[in-house]
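Reader: I would like to learn how to read helices, helix packing and an interface from coordinates. Please take one feature at a time.

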Amino acid sequence: MTETSVILALVVVTALGFDFTNGFHDTANAMATSIATRALRPKVAVALSGLLNLIGAFLSVEVALTVTNAVVKIQNSNGTPRAGLLADGGTALLLIVLAGLVGGIVWNLLTWLLGLPSSSSHALFGGLIGATVAGLGWSGVNWNGDGSKLDGVVGKVILPALMSPVIAGVVAAAGTWLIYRITAGVARRFTDNGFRWGQIGSASLVSLAHGTNDAQKTMGVITLALIAAGDWTDPRSIPFWVKASCALAIALGTYLGGWRIIRTLGKGLVEIAPPQGLAAESASAAVILASSHLGFALSTTHVATGSILGSGVGRPGARVRWRVAGRMVAAWLITLPAAALAGALMWWIGHLLGGGPAGGLAVFVLLLAAATAMYLRSRRAPVDHENVNDEWEDARPAERVPAGVAR
Amino acid sequence: MHNLGFALEGAWQVLAAGLLLGAGLPALFGLGIRALAYGAGGDAEEHAAGVRGPAAHRLGTVAAWLLFALVLAGVALGITFIVASGFGKTLSFAHLVPTLVDK
């Protein structure tokens, strides 16, 4: 085995690991509402979502090989790696990708531990940006595009993140309001039963769209690494094993279910009734599909959260826990910089150890250590399919306010 | 600031499509439920306690299933779109009737 192939193997394994966290982090986007309203039993919901993600991932024939171009400059516009990074058998590029992926995974796991639905694509982009800044300097990042189209960190990441939750929220609020107006006078039990079916259908659509959107990002990253290492040459297609393994990784992750996040989205934000669930998931599905049709990149997580909030706003008398929403927004704001910091740190560690197999292995071991630590921490207060729907308690006592301070 | 312009341009289109499909279809579905309850009569509709509910109306049931079929057609369109974009095709609404065209 050459030095390059050792790092390449690490990149592939880490990328699949990221895909896996992407899966369980985002189960909630599609299924949290159906689980909260008991339209589906928790285990059935994650199984259905996993299956649809698998199908969706296989349907993404169109390859996102240029996925990193939106934020960093390590690829040419046709998808091949930049020539300057290919010295030493491509290890320079591989180390950047590896460090970026590790940054993304670490942030995904941390937010999962805290039960916060943060965006997996932001985590990935953040990690890549951090590793690129560390490796190539600030000019290696595509901050603002070239002005010809929506591009760069600002255009592809920040602006959509600001706008998409608001759009989804408005759509879901309008849908919820309409549904409650239209079905006024129909017996509650009758409506709930009918809306359950609508909820299952719309949630399935979100799962399918998620599989097609998110799995291909990892497929693109792995193929980029293969090209850099000289194991693949065609920038317009991807090896079948890459597609199959990415599809399986995201489906398995989805099936595992990020129960902590499902709980926050399904029970923490809004107490959801079946009509709201239908409105929220339909809004998510419509906004995700419409944006990908228009090439408007966005995060499924931001859309789903905005939709669920909107379904709370649109129902007269519903209670929205703005405090929980505030924590989420805070997590969104720091996702990109935090993942970037982790990515940069990983690159420096790998670089200090020579940037070769030793550096790659060190980064990988650090990842394993962090993942294990967070997993063990999560076992102290486990959330699983048994207790995911327990009553949400605003357990935390109100913060102490010093006497005399006006609230 | 060119990015802001592009983003706003995309945003209102997404909002329009989202409202039409993401709020419109659920509203149709709600209308279907409403019609179904009108069709079923009795306890499906709220009525004063102690009296018999309104009578059943065949028309309501028919209307309900028509509405559900319409919603299903909308969802089918959504799935077609997902699958088509995976194969390098896209849905065109240029002639009102959705058709598959190359990207």
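Author: Start with the term helix: helices (H or I, at least four residues) and strands (E, at least two) are DSSP runs, numbered from the N terminus. This is a predicted model, in which local features need pLDDT of at least 70 and side-chain atom pairs count only at pLDDT 80 or more, while totals for chains, interfaces and linings use all residues. Residues are numbered from 1 along each chain as its sequence is written, chains are lettered from A and ligands numbered from 1 in the order in which they are written, and side-chain values use heavy atoms, with hydrogens and water left out.

Reader: What is the helix content over residues 92-116 of chain A?

Author: That stretch is 88% helix and 0% strand, with its end C-alpha atoms 33 Å apart. Residues 329-349 of chain A are 100% helix, and there the end C-alpha atoms lie 31 Å apart. Both ranges are among those that UniProt, in an unreviewed entry, annotates as "transmembrane region". UniProt positions are given in the numbering used here, feature names are shortened, and annotations may be inferred rather than shown by experiment.

Reader: Where does UniProt place this feature in chain B?

Author: The unreviewed entry puts it at residues 63-84 of chain B. Over those residues the chain is 100% helix and 0% strand, and the end C-alpha atoms are 31 Å apart.

Reader: How is helix packing read?

Author: Two packed helices are described by the angle between their axes and the distance between the axes. Axes are lines fitted to C-alpha atoms, for helices over the stretch in contact, and angles run from 0 to 180 degrees between N-to-C directions. The axes of helix 1 (residues 3-36) and helix 6 (residues 188-228), both of chain A, come within 10 Å and cross at roughly 165°. That makes helix 1 of chain A roughly antiparallel to helix 6 of chain A; angles under 35 degrees count as roughly parallel, over 145 as roughly antiparallel, 65 to 115 as roughly perpendicular and the rest as oblique.

Reader: Which angle do helix 5 of chain A and helix 1 of chain B make?

Author: The axes of helix 5 (residues 152-182) of chain A and helix 1 (residues 2-40) of chain B cross at roughly 25° and come within 8 Å. Helix 5 of chain A is therefore roughly parallel to helix 1 of chain B.

Reader: And the interface as a whole?

Author: The size of an interface is often given as the accessible area lost when the parts come together. Buried area is the accessible area (1.4 Å probe) that two parts lose on being put together, summed over both. Between chain B and chain A it is about 3,600 Å², with carbon and sulfur atoms giving 78%. In chain B, Asn3(B), Val14(B) and Ile82(B) lose the most area to chain A, together 17% of what that side buries.
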